[in-house]
Amino acid sequence: MHPDVKRQLRKFLDEDVGNGDVTSALLTRKTIKANIITRENGIIAGVKFVKMLFEMNSCKVKILKKDGDVIKADQQLISITGDARKIMSCERTALNLLARMSGIATQTHSMVCKIPNKTKLYATRKTAPGLRYFDKIAVEIGGGYRHRMKLDEMIMIKDNHIISEGSLFTLIKKAKIHRKKFEVEVESIKDAVTAAKEGADIIMLDNFTPYQIKKTIQELKRQKLRHNIILEASGGINSRNIAKYGKTGVDIISVGSITNSVKGIDVSLEITPAD
């Protein structure tokens, strides 16, 4: 687990509570029990973080459905026991994070099921600021993989870098000096061949159609350049067309919509008096 997770979760709580939950302050101090329930089917994700959020407020938490479990409408996911005021103060932060992460995991799982096992689905850096770690964990729970978390993890030469520098060859030369592994984004079969010849480890085929990807692979094989090169398809790929991309022979499919167009799972918290 990332070392700053607890600190980030505390920030989430502080952002919501502000100088104090003035509504919950009206409640009589007493121990209550609450259950988090799903209103729709999906893949649950974020349970361990919800547990941490409530435990930060001295509540006891029982996990009924663990991360990655298939969930059905009206199932209980998590049981919480604690002071009424403290549970209320955590409620919205916990539900928001659980709903978002579960939505990402569910959408990711749906897409993964549409592509061959040898093709990996990757998330992108198209995440909400402050939520990248949680978004990418949700992708992994759904069966996908992380791309770069931060810009310092890998060199990825994209179109704007090439335009700014004026030369793909210059950037590749510099990349070889600084890092052993690098990725190049290309927009044509010709550029893909060039990147392969220059030693790119990963080639991102940006906005290629499935037909163009197949033609690129054929050309790389013809020139004996396909070996040891990872090909990534990216741009315009969604749940409706991902199956077609999965049949092209690419190694990676990266999809931004699984994290930047999230439809959260409907979850709610229901309270009953504790025994």
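Reader: Is L151 buried or exposed?
Author: L151 is exposed, with a relative accessible area of 59%. For this term, buried means under 20% relative accessible area, exposed over 50%, and partly exposed in between, with a 1.4 Å probe and protein chains only.

Reader: What kind of model is this, and how are residues numbered?
Author: This is a predicted model in which local features need pLDDT of at least 70 and side-chain atom pairs count only at pLDDT 80 or more, while totals for chains, interfaces and linings use all residues. Residues are numbered from 1 along each chain as its sequence is written, and side-chain values use heavy atoms, with hydrogens and water left out.

Reader: Back to L151: where is its place?
Author: L151 sits in the loop between α4 (132-141) and β7 (155-157). Helices (H or I, at least four residues) and strands (E, at least two) are DSSP runs, numbered from the N terminus. L151 and R125 are 26 residues apart along the chain, and their C-alpha atoms are separated by 9.3 Å.

Reader: And L121, buried or exposed?
Author: L121 is buried, at a relative accessible area of 1%. Its place is in strand β6 (residues 120-122).

Reader: Which residues is L121 in contact with, leaving aside its neighbours within four places in sequence?
Author: L121 is in contact with T108, M111, V112, I115, G144, Y145, I242, I253 and V255. Contact means heavy atoms within 4.5 Å. As for N241, L121 is 120 residues away from that residue in sequence and 13 Å away in space, C-alpha to C-alpha.

Reader: Let us turn to the whole chain. How many helices and strands are there?
Author: The protein chain has 10 helices and 12 strands. Its C-alpha atoms fill a box of roughly 75 × 35 × 25 Å, taken along the principal axes.

Reader: What share of the residues is buried?
Author: Of the 275 residues in the protein chain, 46% are buried. Among contacts with a separation of 6 or more, residues 24 or more positions apart account for 70%.

Reader: On to helix packing. At what angle do α2 and α3 pack?
Author: Helix α2 (residues 47-56) and helix α3 (residues 84-112) pack at about 165°, and their axes are 9 Å apart. That angle makes α2 roughly antiparallel to α3. Axes are lines fitted to C-alpha atoms, for helices over the stretch in contact, and angles run from 0 to 180 degrees between N-to-C directions. Angles under 35 degrees count as roughly parallel, over 145 as roughly antiparallel, 65 to 115 as roughly perpendicular and the rest as oblique.

Reader: Which residues make the contact?
Author: From α2 they are V47, F49, V50, L53 and F54, and from α3 they are I87, C90, E91, T93, A94, L97, L98 and M101. By class, this contact of α2 with α3 has 11 nonpolar, 1 polar and 1 charged residues. Ala, Val, Leu, Ile, Met, Phe, Trp, Tyr, Cys and Pro count as nonpolar, Asp, Glu, Lys and Arg as charged, and the others, Gly among them, as polar.

Reader: Which residues in α2 are buried?
Author: V47, F49, V50, M52, L53 and F54 of α2 are buried.

Reader: Where is K224 found?
Author: K224 lies in the loop between α8 and β10 (230-234). Its phi is near 55°, a positive value in a residue other than glycine, and at 74% relative accessibility K224 counts as exposed.

Reader: Finally, how do α7 and α8 pack?
Author: Helix α7 (residues 189-197) and helix α8 (residues 210-222) pack at about 40°, with their axes 10 Å apart. The two helices, α7 and α8, are therefore oblique to each other. The contact is made by I189, A192, V193 and A196 of α7 and Q212, K215, T216, E219 and L220 of α8.
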